[in-house]
Amino acid sequence: MMSRRQFLARSALCGTVLGLGLGAPGKLLAAASKGKGMGIQLYMVLDAYQNDPVGTLKTLKSIGYTEIEAIVTSTAETLRDQLKQAGLGCPSMHFDSLGFEPGIKAAHTLGARYIVSSMLPSIMQKEKGGGDPTYTLDDAKRTAEYANRLGEKARAAGLRYAYHNHHAEFGDVGGGKVFYDVLLAETDPKLVQFELDCGWVHAGGKDPTDYFKANPGRIPLMHAKDFLPGNAKDYPGAELGRGTLDYKPIMAAADSSGLKHCFVEQEGPFARMSSLEAARVDFDYLRPLR
């Protein structure tokens, strides 16, 4: 199974559209329980989902998850109906493999409030003709401008746009400035919010806790992720509590800063256990911290 990073890059660079079926916007899929629900990024269990969509979603529900963050691999209407059968909500979705305008329509179909870019620098690079994105100060400023435009379109459609990071955004772009910090400073808080992928923040050499504390109200979404130590080049995923991050202070800072939705997202390969077994381990670790 390819890594999520590879999947997203391939989708962005090749312009893959994964069979989006669109119709009239569906009713909002409310969270299955009140309070601080626990979510999971659908990509984490994509192998199981593709083999048994409804069964996989029902298993996630039985573990204790109340919501998923969507990627659309069949049709938005199909996923909406599957989520309804399983009793799961869908407050957020990633649009990279669809394109932004189709993503807006899919978000309405699913009842999502947030529309998220998984790898915005790659999307921008694709529009310039392909190749790997770069992360200079000028790139950061251009990315912030692009994000503001997406945020304006999302707001006009009744949605909120959020930027999801990887590790490359945490490098120095000159003058002591960090790419991600430029994004925070040069995007309009009324238009652009952030989904902090804590595992990738840590892989980039920064502390997720610091970002939550310094940016109250800007980070309504997060990915709870971890990696095994000693293999930074390949970034092998680890079950929460078995890698390098202590999520107790991270979750405390996230909740204090106004976190709305927390999505578990473990990177593969799933050699130690299946993705659904890992989803259970991750839930059991993180649930007491929320």
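Biologist: Is Cys198 buried or exposed?

Modeller: The model is a predicted one, in which local features need pLDDT of at least 70, side-chain atom pairs count only at pLDDT 80 or more, and totals for chains, interfaces and linings use all residues. Residues are numbered from 1 along each chain as its sequence is written, and side-chain values use heavy atoms, with hydrogens and water left out. A residue is called buried under 20% relative accessible area, exposed over 50%, and partly exposed in between (1.4 Å probe, protein chains only). Cys198 is buried, because its relative accessibility is 0%. Cys90 also counts as buried, because its value is 1%.

Biologist: How many disulfides does the structure hold?

Modeller: In general, a disulfide is a covalent bond between the sulfur atoms of two cysteines. The criterion here is a pair of cysteine sulfur atoms within 2.5 Å. By that criterion the structure holds zero disulfides. For Cys198, the nearest cysteine sulfur belongs to Cys262 and is 7.6 Å away.

Biologist: How many helices and strands are there in the protein?

Modeller: Both are DSSP runs numbered from the N terminus: helices are H or I with at least four residues, and strands are E with at least two. The protein has twelve helices and ten strands.

Biologist: Which strands pair with β3 in the parallel sense?

Modeller: Two strands pair if DSSP finds at least two bridges between them. Strand β2 (residues 67–70) is parallel to β3, with three bridges, and Glu69 has Ser92 of β3 as its bridge partner. Strand β4 (residues 114–117) likewise pairs with β3 in the parallel sense over three bridges; here Ser92 is partnered by Tyr114 of β4. As for cover, six of the six residues in β3 (residues 89–94) are buried.

Biologist: Through which helices does the chain cross from β2 to β3 and from β3 to β4?

Modeller: A crossover is right-handed if, with the strands pointing away from the viewer, the path from the first strand over the helix to the second runs clockwise. From β2 to β3 the chain passes through helix α4 (residues 76–86), in a right-handed β-α-β crossover. From β3 to β4 the chain passes through helix α5 (residues 100–110), and that β-α-β crossover is right-handed as well.

Biologist: Where is Pro269 found?

Modeller: Pro269 lies in the loop between β10 (261–264) and α12 (275–286). The peptide bond joining Gly268 and Pro269 is cis, with omega about 0°.
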